Amino acid sequence: MGSELIYRGHEAQPTLDAYSSKPPKPWLAVTRPIRYVLREKRLVFVLVGIAIATLVFSLLSAHHGNNNHYQIPDLRDSRFLSESTQLTHRGIHSGFVSFHPGGKMPLGLKRKGLRIVVTGGAGFVGSHLVDRLIARGDSVIVVDNFFTGRKENVMHHFGNPNFELIRHDVVEPLLLEVDQIYHLACPASPVHYKFNPVKTIKTNVVGTLNMLGLAKRVGARFLLTSTSEVYGDPLQHPQVETYWGNVNPIGVRSCYDEGKRTAETLTMDYHRGANVEVEGLMRLMEGEHVGPFNLGNPGEFTMLELAQVVQETIDPNAKIEFRPNTEDDPHKRKPDITKAKDLLGWEPKVPLRKGLPLMVSDFRQRIFGDHKAEGASTATSLV
Ligand SMILES: O=c1ccn([C@@H]2O[C@H](COP(=O)(O)OP(=O)(O)O[C@H]3OC[C@@H](O)[C@H](O)[C@H]3O)[C@@H](O)[C@H]2O)c(=O)[nH]1
């Protein structure tokens, strides 16, 4: 480099001398700088300069663009705007509202709805929830390991740009940019959760930890679907949310009961310690209340009455058999839904005799595809 500079200097001197000995020519004012630039390879430097300036400019605008990307999306949706305001009252997600809602967003990056993860979204409750979320314009990512759920339950959304399906076991961490997490992934019936009890409790504990970690990382709202089994074999009837339950910690159902109880503990600990939201299914998710809500049907019936309704609905010739009950099965359960009624304005609208045929029709459609499951969306209230 040094020798090149010295060389240029040496060459420049005689050239200047040569010009001075001739009469001045006007066009030289134009051609001389061009020839100089070409001869001295200045053009290369000019081009390199332009390239560097362009690069720096692009990086700066990309940086600004990224900031907009993280600052604005959650404030564009009117539902989320009001949520953010509520959240700020409680010091949760306050970062979102301190950003720049008035900033301009490139058209292509604008989102209409929320970005929502539904774990266990290929299951019974999950797939109906997904239908509702997609119908209202949200972008939904279903995360499911298909232990009991089926791809067919969400297949009708394939090809919809607002829908994604990930085969993933929640016991492994997952990174996603989302606004809300509905955490439903868990084997839900005794046959399934007793099949591999250690895996069931791992799903409830490690899976819930992973999803809470994700919620904390990206500042998303979190909802856990628990179970009435957290009340165990209840000594209080009906059960209110403040009842702590009567659960066998070492029984064959404990993997589910205690697993869900630990999942509730983790969720509340994250809420208290890390400001992650806990709210109940859609209405609960959109509301401002924190903590457990009983969402269920308080209508009481015996197992025999239930069996008779099933018999009438599916096959009047089906035989009802009496068998010994499974271990630790609760003797009586009835959710007290006063809190859900008062605070969410929610109560179940479908009684057993009307709901069961709807459920049968829904399952027939899923399994045999033989007819439409009319009113299937009401099933989300059966949690
Ligand atoms: O480890 C697992 C286990 C299960 N799952 C999925 O979780 C979903 C559970 O759905 P199911 O149809 O079996 O059961 P439900 O829809 O009735 O359960 C729902 O209500 C009861 C709650 O305890 C459950 O957490 C909730 O998912 C399935 O899609 C299943 O594949 C996982 O993704 N990971």
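## Burial of D144

A residue is buried if 20 or more other C-beta atoms lie within 10 Å of its own. In this predicted model, D144 has 27 other C-beta atoms within 10 Å and is therefore buried. The residue is found in strand β2, which spans residues 139-144.

Leaving aside neighbours within four places in sequence, the contacts of D144 are T119, G120, G121, A122, G149, R167 and A185. G123 is 21 residues from D144 in sequence, and the C-alpha atoms of the two are 8.4 Å apart in space.

## Strands β4 and β5

Strand β4 (residues 180-183) pairs with β5 in the parallel sense, over 4 bridges.

Strand β5 covers residues 221-224. R221 and L223 point one way from the strand, F222 and L224 point the other way, and all are buried.

## Packing of α12 and α14

Helix α12 (residues 303-314) and helix α14 (residues 352-367) have axes that come within 10 Å and cross at roughly 50 degrees. That angle makes α12 oblique to α14. The crossing of the two helices is right-handed.

On the α12 side, the contact is made by V309, V310, T313 and I314. On the α14 side, L352, R353, L356, P357 and V360 take part. By class, the contact of α12 with α14 has 7 nonpolar residues, 1 polar residue and 1 charged residue.

Key: Residues numbered from 1 in each chain as written. Predicted model: local features only at pLDDT ≥ 70, side-chain atom pairs only at ≥ 80, totals over all residues. Axes fitted to C-alpha atoms, helices over the stretch in contact; angles between N-to-C directions. Parallel < 35°, antiparallel > 145°, perpendicular 65-115°, else oblique. Left-handed = near helix turned anticlockwise from the far one by under 90°. Contact = placed C-beta atoms within 7 Å. Nonpolar A, V, L, I, M, F, W, Y, C, P; charged D, E, K, R; others polar. Buried ≥ 20, exposed ≤ 12 C-beta atoms within 10 Å, placed from the backbone. Pairing = 2+ DSSP bridges.
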